[in-house]
Amino acid sequence: MASSVLITNLTQEWVESLRRWHLELFFIPTTVVTLATMLANPVLLTCIFLSRALRQETRYLLVANTLTADMLFLILNLATVICNAVKVHIPWLVCELVTAVTITAYCCAILTVTLMVVDTYAAVRWPLHYRDILPPARTHRILAGVWLLAAVYPFTLVITMERVNPHEKVPVCLVLVSLGFIQAHNMVGTHIYFFVAALICTILIFYCYIRLYMVTRTQGIWQSRFSRARVTLLAHGILLLLYFVPGFVFTLELFLFHREDISQDVRVWVSTVNMCVFMLLPRAFAPYLYGLRYRELSDTLMQLLHRHRRLSQTTIS
């Protein structure tokens with residue numbers, strides 16, 4: 001009973017702040033960015049899965065997994081933002097499940113982009129044994145393990161947390177509110193999970209990039225200011241930064257969630273901007289970066305477009 005009252009009070013206060021500042025209007029840029037990304041991602045996924053050569057490449061399987069996780073995240077995020085904007089009351093059990101799946105999709109994307117850096121390092125460090133180290137079958141098992149690893153903690157929290165009446169309806173469903181309520185009962189575990197995961201991924205990425213530079217610095221690929229290696233490193237560095245920054249901001253949100261000295265309006269503003277802007281930026285840039293920077297993927301896309309154009313001309317004639 002106490003848990004239900006706490007959830008009701010939290011969500012009601014949140015809704016009041018949203019209405020006072022008209023933050024529900026953030027669903028407009030969220031919708032535009034999501035639709036633009038949802039148009040690009042399926043096209044790239046189609047290119048990857050229709051091409052036998054690309055399906056055998058570990059890096060393209062990793063790209064496909066990242067795009068899939070991003071699409072799942074964007075769909076849930078958009079549905080949540082729209083429901084909150086039109087004031088739909090959602091059963092608490094549904095909100096819990098949406099929270100768990102959203103965290104799973106986000107963490108899976110982070111883990112996969114980290115594996116993309118490791119894959120690049122392995123390809124450069126051991127070019128002769130690379131295909132033996134990471135054949136497609138092993139990559140499939142690794143990706144299945146990534147999804148499982150990303151899902152274990154959030155679903156465990158949902159299952160083991162203090163049970164609220166599953167039929168209790170809340171006026172706003174947010175990952176922050178759901179996880180913030182869970183955090184009140186398991187604060188140390190939540191912070192350790194996010195901090196350790198982010199720390200491991202960050203250390204692994206920096207190690208791989210530093211080792212890549214040390215291995216390739218004598219090959220002359222870094223001498224030109226606008227060499228392909230420099231541009232690729234800059235593009236991927238920016239994309240990695242865009243993926244990781246919202247996670248650190250979200251960790252800050254969790255820290256501020258139960259602070260009495262922090263205004264509720266500040267918490268609502270930070271959460272809304274992070275959810276509707278920061279978390280969408282990497283997912284908006286990713287398909288266009290991959291489509292432009294990976295030659296085989298862009299070539300396959302152009303072939304599909306030319307084939308579609310020829311079929312259209314044949315049908316018309």
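**Notebook: transmembrane spans, cavity and core**

I began with the record: the unreviewed UniProt entry places the feature "transmembrane region" at residues 26-50, 71-94, 100-122, 142-161, 192-210, 231-256 and 268-290. The coordinates I consulted are a predicted model.

**Entry 1. Spans and overall make-up.** I looked up two of the annotated spans in the model. Residues 26-50 are 96% helix and 0% strand, and their end C-alpha atoms lie 36 Å apart. For residues 268-290 I noted 91% helix, 0% strand and a distance of 33 Å between the end C-alpha atoms. The protein chain as a whole has 13 helices and two strands. I recorded that 46% of its 317 residues count as buried. Taking contacts between residues at least 6 apart in sequence, I found that 85% join residues at least 24 apart.

**Entry 2. The cavity.** I counted 19 lining residues, with Leu18, Glu24, Val81, Asn84 and Ala85 nearest the centre. By class, the lining divides into 13 nonpolar, three polar and three charged residues.

**Entry 3. Leucine 18.** I then followed one of the residues nearest the cavity centre, Leu18. Leucine 18 is found in helix H1. Is leucine 18 buried or exposed? Its relative accessible area is 12%, which is under the 20% limit, so leucine 18 counts as buried. Setting aside residues up to four places away in sequence, I listed its contacts as Leu23, Glu24, Val172, Val268 and Thr272.

**Entry 4. Nonpolar cores.** The largest nonpolar core has 67 residues, and I noted Trp14, Tyr243, Phe250, Tyr290 and Leu297 as those with the most contacts inside it. I examined phenylalanine 250 in particular. Beyond its neighbours within four places in sequence, phenylalanine 250 is in contact with Val175, Leu176, Leu179, Phe194, Asn274 and Met279. A second, separate core has six residues, including Ile7, Trp92, Val170 and Cys173.

**Entry 5. Tyrosine 153.** Tyrosine 153 lies in helix H7, residues 136-160. I recorded a relative accessibility of 18% for tyrosine 153; this falls under 20%, and therefore the residue counts as buried. Its C-alpha atom is separated by 8.6 Å from that of threonine 104, which is 49 residues away along the chain.

Entry 6. Most residues other than glycine have a negative phi. Which value does phi take at histidine 22? Phi of histidine 22 is near 55°, a positive value in a residue other than glycine. Histidine 22 has its place in the loop between H1 and helix H2 (27-50). Lysine 87, also not a glycine, has a positive phi of about 65°. I located lysine 87 in the loop between H4 and strand S1 (90-91). Its relative accessibility is 37%, between the limits of 20% and 50%, so lysine 87 counts as partly exposed.

Notes: Residues numbered from 1 in each chain as written. Predicted model: local features only at pLDDT ≥ 70, side-chain atom pairs only at ≥ 80, totals over all residues. Heavy atoms only, no water. 1 Å grid on protein atoms, 1.4 Å probe; cavity = no way out; pocket = protein on both sides within 12 Å on 5 of 7 lines; lining within 4 Å. Nonpolar A, V, L, I, M, F, W, Y, C, P; charged D, E, K, R; others polar. UniProt positions renumbered as here; feature names shortened; annotations may be inferred. Helix = DSSP H or I, 4+ residues; strand = E, 2+ residues; numbered from the N terminus. Core = buried A, V, L, I, M, F, W, Y, C linked by side-chain atoms within 4.5 Å. Buried < 20%, exposed > 50% of the residue type's maximum accessible area, 1.4 Å probe, protein only. Contact = heavy atoms within 4.5 Å.
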